[in-house]
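Hi,

Here is the structure I promised to pass on to you. Have a look at it first, and then read on for my notes.

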Amino acid sequence: RSWFFDSKHWYLLSVEIVGNKAKSFVEDILTFIILYNNLIPISLIVTMEIVKFQQAQLINSDLDMYYQPSDTPALCRTSSLVEELGQIKYIFSDKTGTLTCNEMEFRLCSIAGVAYAEKVDESKQDDDGDGKAWQTFAQMQEMLRGTGGNELERSVVNEFLTLLAVCHTVIPEVKEDKIIYQASSPDEAALVAGAELLGYRFHTRKPKSVFVSIQGKTQEFEILNVCEFNSTRKRMSTVVRGPDGKIRLYCKGADTVILERLSQNQPFTEQTLLHLEDYATEGLRTLCIASREIPESEYQTWSAIYDQAAAMISGRGDALDKAAEIIEKDMFLLGATAIEDKLQDGVPDAIHTLQQAGIRIWVLTGDRQETAINIGLSCRLISESMNLVIVNEDNAHSTKEFITKRLTAIKNQQRTGEQEDLALIIDGKSLTYALEKDINKQFLELAIMCKAVVCCRVSPLQKALVVKLVKKNEKALLLAIGDGANDVSMIQAAHVGVGISGKEGLQAARSADVAISQFRYLKKLLLVHGAWSYQRLSKLILYSFYKNIVLYMTQFWYSFFNNFSGQIAYESWTLSLYNVVFTVLPPFVIGVFDQFVSARILDRYPQLYNLGQRNAFFTKTAFWLWIANALYHSLILFGFSVILFWGDLKQSSGLDTGHWFWGTSLYLAVMLTVLGKAALVSDLWTKYTVAAIPGSFVATMILLPLYALIAPLLNFSTEYKGIVPRLWTDAVFYFTIVLLPIVCLSRDYVWKYYRRTYQPASYHIAQELQKYNIPDYRPRQEQF
């Protein structure tokens with residue numbers, strides 16, 4: 001026993017078995033034991049760690065969360081957070097690649113104030129107000145061949161399509177006589193594919209040039225400089241020298257940043273903005289396209305600045321951004337593009353179910369406001385009945401004033417009893433001001449009052465700041481979910497991080513606690529696995545405290561009878577093996593296999609998730625009730641055993657029963673009581689439960705006499721010498737180990753019956769529905 005509890009041996013053993021990870025783990029266990037003076041047994045901590053690991057493995061092996069098209073299973077990368085999956089209050093989600101498929105398709109474009117589409121609806125074939133009706137891609141190609149349009153429109157269309165084919169970092173790969181575009185972003189590949197569709201085919205990239213086939217003729221464009229895209233700039237520029245020898249700046253990016261850098265007297269801005277609104281309303285991702293011709297002298301001056309910035313060792317990124325600012329000005333707006341990114345399957349149902357479970361969902365996206373609102377409506381985050389609170393201000397004062405006014409108005413409405421569902425929409429610029437110290441509390445209060453929150457045009461840093469703001473001021477568990485490298489900071493800022501194994505690499509999935517392949521799997525991860533894990537671990541911890549207190553408090557009561565001499569009631573090794581062998585299986589099986597309701601019921605009644613959010617299973621009251629129950633059981637067990645064995649019993653041989661006869665009888669009565677308690681609190685009986693609870697007692701009744709026979713022969717433990725024939729043939733022994741557990745557990749059984757019959761909790765009713773398979777005639781979303 002001294003070796004078993006000796007830190008030196010555990011330390012060396014851990015290093016030998018697994019290495020430093022186990023060494024740290026064992027040291028933590030031993031520190032915990034030393035701090036609590038061995039009152040909390042090592043088995044509780046070890047069992048919890050094993051149970052959490054097994055629960056993580058169950059998540060990994062769940063076939064319902066396996067995505068066959070990409071051969072991607074769910075992965076739980078840490079076992080320390082499985083119970084927190086059942087207590088999530090806020091979800092922060094990226095949009096592109098998380099709610100959507102991240103499979104971009106070039107759909108529409110606006111060039112020189114004219115909207116183009118592959119097919120034009122009848123409603124859009126008429127003039128749209130300026131005498132410019134929507135046109136098809138076929139009409140655009142006819143115009144390029146010289147059969148329609150004027151010279152200005154033809155030159156703008158040519159410049160627009162050339163920009164799409166040249167301004168990018170895409171690498172072409174030829175596979176089976178077909179060009180496959182490899183790009184860091186699906187948007188870029190979609191734009192290049194769109195240019196190819198319209199006759200501008202990019203086919204070769206060399207270190208300093210690209211080759212584009214335009215109307216069947218290959219032209220070379222020399223790439224002079226590339227100002228790469230980042231989340232701060234929200235745009236990308238390429239400086240090229242065309243076949244005509246002229247230097248041009250090609251730029252594509254978000255409308256907010258492109259429009260700020262245009263020259264005066266733009267002929268197509270107003271019409272392009274109207275088209276952008278139309279595209280965004282349809283939920284399409286939009287980009288503005290602009291260019292300008294750069295004089296040779298200006299380029300030479302700027303090139304020296306750019307080269308100097310590129311040569312810097314520290315602060316290179318900021319220097320390159322400042323250099324790009326110099327050249328990205330006085331541009332001419334050519335038009336805009338619209339790319340479709342469809343929602344993933346099951347997203348609307350998942351979001352609606354999670355909202356029913358009481359989880360607040362915040363979408364943080366880099367898309368423009370109209371696109372984000374449309375996607376919010378499509379995925380049922382925002383409903384038609386919701387009142388939209390749109391924050392779209394240009395400065396800090398206006399933002400603060402707007403938030404304060406809306407907050408006051410909403411509070412006044414609530415006082416008068418007029419309460420309505422709200423959705424908060426805020427853009428990146430306003431969010432920058434809203435996150436400042438003097439206003440962030442008011443912003444958070446307003447956001448919490450809203451059922452849904454959508455933040456548009458946000459940077460990765462702003463995503464993380466929003467999560468940290470809620471984390472700091474709200475006593476709630478947060479979950480962040482994303483698919484790309486730009487979501488990593490947000491994922492790491494939340495309590496629980498979930499990564500989508502998508503098309504933008506595995507940075508998010510590898511930095512997250514859990515990796516899934518589709519957003520819809522989040523519903524089962526939280527509402528089923530999370531709810532189960534929280535309830536199982538709560539029951540495991542409470543039961544582990546209970547079973548140890550029942551045993552060791554009988555020893556405490558005995559100390560009043562032995563004049564605190566240190567004499568123990570039980571044989572030493574039997575006492576040590578109580579947690580390690582004889583009662584190790586019940587808490588393990590409860591922690592891994594128990595289900596308070598089935599997955600079907602949890603999906604049908606997502607409101608049951610509120611039990612975890614309220615921490616209903618592991619409250620201070622519940623803890624002290626379990627402790628009080630353990631003390632009561634220990635007192636009953638010890639008191640009745642003392643009464644039964646008062647003055648020591650005489651056996652038929654004329655000998656006294658003796659100390660170890662009484663101690664072993666009490667030990668087995670304690671064990672049968674705690675196993676009976678495990679049976680009472682188990683909600684699901686499987687073959688593992690049968691093996692753990694009745695099986696543990698059967699195994700004990702076989703192993704204990706074998707130990708009592710062998711140990712004295714080996715001179716290993718002499719306390720049990722000759723006890724087997726006296727103990728296992730005595731009727732008093734069997735009477736004791738049957739009567740005492742019945743007396744103890746009768747109160748528990750009556751209380752359980754009364755509670756479920758007259759004061760049922762919500763999950764008790766759900767258990768009845770499950771047990772009797774009562775049908776539910778509520779309409780389900782999949783019927784519509």
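Let's start with the sheet: ten strands, in an open arrangement with mixed pairing, in the order β5-β4-β3-β14-β13-β12-β11-β10-β9-β8. At its edges are β5 (135–136) and β8 (200–206), each of which pairs on one side only. Strands here are DSSP E runs of at least two residues and helices are H or I runs of at least four residues, both numbered from the N terminus; two strands pair if DSSP finds at least two bridges between them. As background, strands of a sheet pair through backbone hydrogen bonds, either parallel or antiparallel.

Before going further, two notes on where this comes from. It is a predicted model, so local features need pLDDT of at least 70 and side-chain atom pairs count only at pLDDT 80 or more, while totals for chains, interfaces and linings use all residues. Residues are numbered from 1 along each chain as its sequence is written, and side-chain values use heavy atoms, with hydrogens and water left out.

Back to the sheet. β3 (residues 105–111) and β4 (residues 114–117) are antiparallel partners over 4 bridges, and there L108 has A117 in β4 as its bridge partner. Further along, β12 pairs with β13 in the antiparallel sense over 7 bridges, with K252 opposite I289 in β13. β13 is also joined to β14 by 7 bridges, again antiparallel, and L287 stands opposite T337 in β14. β13 is mostly covered, with 8 of its 10 residues buried (buried means under 20% relative accessible area, exposed over 50%, partly exposed in between, using a 1.4 Å probe and protein chains only).

Helix α5 (residues 151–166) lies across several of these strands, including β3, β4, β12 (247–253), β13 (285–294) and β14 (332–340), and runs at about 55 degrees to β14. That angle is between N-to-C directions, on a scale from 0 to 180 degrees, with axes fitted as lines to C-alpha atoms, for helices over the stretch in contact. Contact means heavy atoms within 4.5 Å.

Another helix worth a look is α12 (residues 369–378), which is mostly covered: 7 of its 10 residues are buried. Those buried residues are Q369, T371, A372, I373, N374, I375 and G376. Among the elements covering them are α8 (269–281), β13 and β16 (387–391). After α12 comes R380, which has a positive phi near 65 degrees.

Now the annotated site. Which residues does the UniProt "binding site" annotation cover? The unreviewed entry gives D94, T96, D483 and D487. They span 394 residues in sequence, yet no two of their C-alpha atoms are more than 10.7 Å apart, so they gather at one spot. UniProt positions follow the numbering used here, with feature names shortened, and annotations may be inferred rather than shown by experiment. D483 lies in the loop between β19 (477–482) and α17 (488–493), and D487 sits in the loop between β19 and α17 too. D483 is buried at a relative accessible area of 1%, and D487 is buried at 0%. Leaving out neighbours within four places in sequence, D487 is in contact with D94, K463 and G482.

The unreviewed UniProt entry also lists "transmembrane region" stretches, among them 580–602 and 659–676. Residues 580–602 are 70% helix and 0% strand, with end C-alpha atoms 34 Å apart. Residues 659–676 are 100% helix and 0% strand, with end C-alpha atoms 26 Å apart. V592 lies in helix α21 (residues 585–593) and is buried, with a relative accessible area of 3%. Not counting residues up to four places away in sequence, V592 touches V51, Q54, L58 and R536. The C-alpha atoms of V592 and A304 are separated by 66 Å.

On the overall layout, the domain assignment gives domain 1 (21–36 + 43–53 + 527–772), domain 2 (80–98 + 355–517) and domain 3 (101–343). These bounds come from an automatic or database domain assignment. The C-alpha centres of domain 1 and domain 3 lie 71 Å apart.

Finally, how many disulfides does the structure hold? The count is 0, where a disulfide is a pair of cysteine sulfur atoms within 2.5 Å. The sulfur of C251 is 6.8 Å from the closest cysteine sulfur, in C167, too far for a bond, and C251 is buried at 0% relative accessibility. For C455, the closest cysteine sulfur is in C456 at 7.3 Å, also too far for a bond.

Cheers
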